[in-house]
Structures are given as C-alpha cells and as structure tokens.
Amino acid sequence: MQPTLELQGLRKRFDGTLAVDDVTLAVPPGTVFGLLGPNGAGKTTTIRMLMDIIGPDSGEVRVFGHPRTRADLDRIGYLPEERGLYRKMTLREQLIFLGELHGLPKKTLGAKADGWLERMGLADRAKAKVEELSKGMQQKVQLAGTMLHDPDLLVLDEPFSGLDPINQVLFKDTLAQHKAASKTVLFSTHVMEQAERLCDHIALIARGRVVLAGELAAIKREMGANSYRLVATGDLERLRRTPGIVEVAGSNGDLRLRAETGVDGARLLRELVSFLEVHEFRSAEPTLEEIFVKVVHDANA
C-alpha cells in the first residue's frame with residue numbers, strides 16, 4: 001500500500017550545525033505515526049521541511065504517492081509547535097477565517113465552525129474573543145481550525161503540550177476518530193506515554209538521525225524477546241549468579257529479567273523453580289519509555 005507520506009534522505013544544516021541528518025521514513029495510510037525524540041533532536045525541523053516552511057538542503061518529501069507540491073498542502077492539516085491565533089477575533093470568526101484559507105465554501109463554514117466548537121466543548125464561548133480564553137482553550141480552537149477542512153494527513157507538532165488531563169483525553173479521542181475515518185495522523189512528542197497509547201508506527205530521532213523506526217508492536221516484541229517478568233520469593237540474590245541471566249531489575253520480589261540471546265524461557269523457568277517460589281513468570285515487552293531511554297542512550301554513547 002502506498003505510504004501517505006515519505007521522507008527520503010532529508011538533511012538540514014543551520015550555521016554549520018547538522019540539525020537533520022538523512023531522515024528517511026514512511027508513514028502508512030490510516031495510521032497514527034509518532035515522530036519521537038528528545039528536545040532538540042530535529043523533530044520540529046523535520047516537520048517544517050515536510051510542510052514546506054523551510055527547504056531541505058537535500059532529500060525529498062513525497063505525499064499521497066508523488067513529490068509534494070504546494071497544492072498538496074490543502075489536503076494536510078498542520079498544528080505548529082508555536083500556536084498562533086488572532087486574539088481579537090471571536091472563536092467562531094477565527095474558525096470561519098481558517099476555513100476560508102483552506103478554500104471551503106462560505107455557505108457551509110458557519111455550520112462547520114459551530115460543529116467543531118460543540119465538539120471541543122466551546123459552543124457557549126463562540127462569541128468570546130480568543131484573548132479571553134485560557135491557553136488550553138486556545139489550543140482546542142487551533143486543533144479545530146487544523147481539522148476543519150477534513151485533511152487526509154494531519155501533522156501535529158507537540159499537540160499535547162500544556163493541556164490538562166481532561167483536554168489530553170479530548171485530543172486523543174479526536175485523533176483516534178480521525179484515524180477511524182481512514183485518515184493519517186503524524187505527531188511529534190517527547191512524552192512516551194502519549195505515543196504508546198496512540199501510535200501504530202513510530203520513528204525515533206536522536207541527534208537529527210532516525211535511530212529506530214517501524215510498527216510499534218513489532219518493535220516491542222523484538223526488543224522484549226529476552227525479557228521476562230518474575231514475581232517470586234526466596235533467594236532472589238541468586239538470580240544475579242544464575243547462568244543465562246544478564247540483568248535483574250526491580251524490587252520486593254517483582255522483577256524484570258533479561259536473558260542472554262538464545263536462552264529458552266521454559267528451561268530458565270525450570271532453573272528458577274529449583275531455588276525460588278515462583279508466583280508469576282512471563283514474557284515482558286518493554287514500555288516505549290524504556291525503549292526510548294535505551295535507544296537514545298545508545299545513540300548518544
């Protein structure tokens with residue numbers, strides 16, 4: 001299936017500093033794709049090149065199966081990291097204005113704006129000026145404006161920044177509904193909990209380079225192939241001297257073990273029950289945060 005978005009060998013240098021270094025990735029259609037990495041990794045620069053705000057020094061951006069053109073931007077919704085709304089406009093005026101910029105028919109814009117204000121829980125503030133709202137409310141208005149034209153590709157740069165837990169849930173539900181309509185979502189974040197709950201695929205960037213990419217479930221299976229959760233009592237210190245075990249983490253009998261490559265789990269369990277009372281033993285996939293910390297650490301080593 002043709003990717004919705006392809007970045008091929010993107011590079012960008014600022015004043016001698018290589019900010020993005022040969023970034024190549026593909027975003028499948030109908031998925032939520034996480035562009036992950038620590039602050040300063042190159043996520044925002046990559047997104048700005050995707051959106052044609054800045055040009056790459058080399059490389060190519062392809063969308064919808066062809067090299068990106070200015071016309072393609074009408075099929076993309078973009079929420080930048082730096083939010084920007086006209087503070088003196090009312091919420092309804094703001095959404096109608098944004099819809100006009102995307103070329104939506106004026107006769108339908110009022111109803112669309114009202115529908116999105118209702119969806120964002122802001123229907124009673126339709127005549128309020130943007131400057132009268134909290135930052136969280138302004139962010140909801142901007143998300144509504146980003147999605148008003150029903151984009152095929154939604155690109156969000158740190159969309160959850162500054163949101164309270166209730167509005168984080170609203171944003172997550174909105175993105176999930178967009179995906180359910182067979183649309184594609186790409187968002188950047190350095191907060192792994194959000195990515196783990198939402199993403200089908202990820203690309204992890206460190207120092208401007210993609211250091212890990214693919215389907216999230218497959219990455220977790222691969223990186224957790226030799227990891228086990230063990231709940232047990234007995235001579236737990238002996239675990240550190242048990243052949244085949246290379247790492248023991250945790251406390252109070254609730255532990256994570258990492259075995260050498262090729263060690264059979266059933267054989268390892270037989271060894272463990274010879275000196276422990278085992279209450280639970282199972283494969284343990286790492287969390288995305290654990291993957292993130294390890295991969296970024298290895299990339300920076």
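User: Why is Asp 57 called partly exposed?
Analyst: In this predicted model, Asp 57 has a relative accessible area of 47%. Partly exposed covers the range between the buried limit of 20% and the exposed limit of 50%, so Asp 57, at 47%, is partly exposed.

User: How do you know whether Lys 12 is buried or exposed?
Analyst: The relative accessible area of Lys 12 is 13%. Buried means under 20%, so Lys 12 is buried.

User: What makes the contact of Asp 57 with Lys 12 a salt bridge?
Analyst: The N to O distance between the two side chains is 3.6 Å. The rule asks for a Lys or Arg side-chain nitrogen within 4 Å of a carboxyl oxygen of Asp or Glu, so the pair of Asp 57 and Lys 12 meets it. Side chains of opposite charge can pair when their charged atoms come close.

User: How many salt bridges does this rule give?
Analyst: The count comes to 21.

User: Why is the contact between Glu 280 and Arg 229 called a salt bridge?
Analyst: Their closest N and O atoms are 3.2 Å apart, and the cut-off is within 4 Å, so the name applies. This pair, too, links distant parts of the chain: Glu 280 is in strand β14 (residues 276-283) and Arg 229 in strand β11 (residues 227-234), 51 residues apart.

User: How do you know how accessible Glu 280 and Arg 229 are?
Analyst: Glu 280 has a relative accessible area of 26%, and Arg 229 has one of 25%. Buried requires under 20% and exposed over 50%, so Glu 280 and Arg 229 are partly exposed.

User: What separates Lys 294 and Asp 298 in helix α9?
Analyst: They are four residues apart in helix α9 (residues 288-300), which means a separation of about one helical turn. Lys 294 and Asp 298 form a salt bridge with closest N and O atoms 3.0 Å apart. Lys 294 is partly exposed at 47% relative accessibility, as is Asp 298 at 42%. Elsewhere, salt bridges that share partners join Arg 75, Asp 150, Asp 152 and Lys 183 into one network.

User: How many aromatic pairs does the structure hold?
Analyst: It holds four aromatic pairs.

User: Why is the pair of Tyr 86 and Phe 97 called edge-to-face?
Analyst: Their ring centres are 5.4 Å apart and their planes stand at 90°. Centres within 6.5 Å make a pair, and planes over 60 degrees apart make it edge-to-face, so this pair takes that name. Tyr 86 lies in the loop between β6 (76-79) and α2 (91-101) and Phe 97 in helix α2, so the pair ties together parts eleven residues apart in sequence.

User: What makes the pair of Phe 160 and Phe 171 tilted?
Analyst: The angle between the planes is 55°, with 6.4 Å from centre to centre. Stacked needs under 30 degrees and edge-to-face over 60, so 55° counts as tilted. Phe 160 is in the loop between β7 (153-157) and α5 (165-180), and Phe 171 is in helix α5.

User: Are Phe 160 and Phe 171 buried or exposed?
Analyst: Phe 160 has a relative accessible area of 4% and Phe 171 is at 1%. The buried limit is under 20%, so Phe 160 and Phe 171 are buried. Ring pairs link Phe 160, Phe 171 and Phe 187 into a cluster.

User: What lies over the face of Phe 64?
Analyst: Arg 75 does, at 3.7 Å from the ring centre.

User: Which residues line the largest cavity?
Analyst: Leu 5, Leu 7, Leu 25, Leu 35, Thr 46, Ile 47, Leu 50 and Leu 186 line it. Its volume is about 40 Å³. The elements giving two or more residues to this lining are β1 (5-14) and α1 (43-50), and α1 gives the most, with three.

User: How do the lining residues divide by type?
Analyst: Seven are nonpolar, one is polar and none is charged.

Terms used: Residues are numbered from 1 along each chain as its sequence is written. This is a predicted model: local features need pLDDT of at least 70, side-chain atom pairs count only at pLDDT 80 or more; totals for chains, interfaces and linings use all residues. Side-chain values use heavy atoms; hydrogens and water are left out. On a 1 Å grid over the protein atoms alone, a cavity is a set of points where a 1.4 Å probe fits but cannot get out, and a pocket is an open set with protein on both sides within 12 Å along at least five of seven lines; lining residues have an atom within 4 Å of a point. Grid points are joined across faces, edges and corners, and a volume is the space filled by probe spheres set on the points. Ala, Val, Leu, Ile, Met, Phe, Trp, Tyr, Cys and Pro count as nonpolar, Asp, Glu, Lys and Arg as charged, and the others, Gly among them, as polar. Buried means under 20% relative accessible area, exposed over 50%, partly exposed in between (1.4 Å probe, protein chains only). Rings of Phe, Tyr and Trp (its six-membered ring) pair if their centres lie within 6.5 Å; planes under 30 degrees apart count as stacked, over 60 as edge-to-face and the rest as tilted. A charge sits over a ring if NZ of Lys or CZ of Arg is within 6 Å of the ring centre and within 35 degrees of the ring normal.
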